[in-house]
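Biologist: Please walk me through a few local features of this model. Start with how the elements are assigned.

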Amino acid sequence: QMQLVESGGGLVQAGDSLRLSCAAPGFIFSIYDMGWFRQAPGKEREFVAGMNWSGDNTYYGDSVKGRFTISRDNAKNTVYLQMNSLKPEDTAIYYCAVDTSHRSRYAYTSLGKYDLWGQGTQVTVSS
C-alpha cells in the first residue's frame, strides 16, 4: 500500500531552521512529482514547494521563496523540506504530497495535482 510518512516537525524559535522529511515506504516514488503544503488553523491548505520527478525543476510559494528548499533523494525514497529563517507565520501542519497519476495539466501549486498525502507534521515557530 502506498503511503507517505512525514517527520521532523517541532517547536522552534523565530530565526531557527528545521528539516522535514517525507518517506515513501513500499513504493518507488522516483517517477512522481512531489509537493509540500501547509495548513494553519482556520486557513486553507497552502502550497509551499514542489519538485518534478527528476529534481530538475522546483517551485515555491511566494511566502517561502529564499528561505525554504525542497530536495529529494530517490535512492532513499525521501523528499525533504529545509526551512531556514523560520517566522511565526510559518506555524502550520505541513503535508507532503505525491502526484501518482501524472496529472501534468495541473500546476504544482494546485491541490488537485496530488492524489496521495501524508498525515502531516506540526511546525510551531515562537516569536
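Modeller: Helices (H or I, at least four residues) and strands (E, at least two) are DSSP runs, numbered from the N terminus. By that scheme, His 102 sits in the loop between strand S9 (92–99) and strand S10 (116–117). This is a predicted model: local features need pLDDT of at least 70, side-chain atom pairs count only at pLDDT 80 or more, and totals for chains, interfaces and linings use all residues. Residues are numbered from 1 along each chain as its sequence is written, and side-chain values use heavy atoms, with hydrogens and water left out.

Biologist: Does His 102 count as buried or exposed, or partly exposed?

Modeller: Buried means under 20% relative accessible area, exposed over 50%, partly exposed in between (1.4 Å probe, protein chains only). His 102 is at 48% relative accessibility, so it counts as partly exposed. Its phi is positive, about 55 degrees, although His 102 is not a glycine.

Biologist: What is the phi of Asn 77, and where does Asn 77 lie?

Modeller: Asn 77 has a positive phi of about 55 degrees and is not a glycine either. It lies in the loop between S7 and strand S8 (78–83). Asn 77 counts as buried because its relative accessibility is 12%.

Biologist: Why does Arg 67 count as buried?

Modeller: Because its relative accessibility is 11%. Arg 67 lies in the loop between strand S6 (58–60) and strand S7 (68–73).

Biologist: Which side chain joins that of Arg 67 in a polar contact?

Modeller: A polar contact is a pair of N or O atoms within 3.5 Å; within protein, one must be able to donate a hydrogen and the other to accept it, and residues adjacent in sequence count only if both atoms are side-chain atoms. Here the side chains of Arg 67 and Asp 90 are joined at 2.8 Å.
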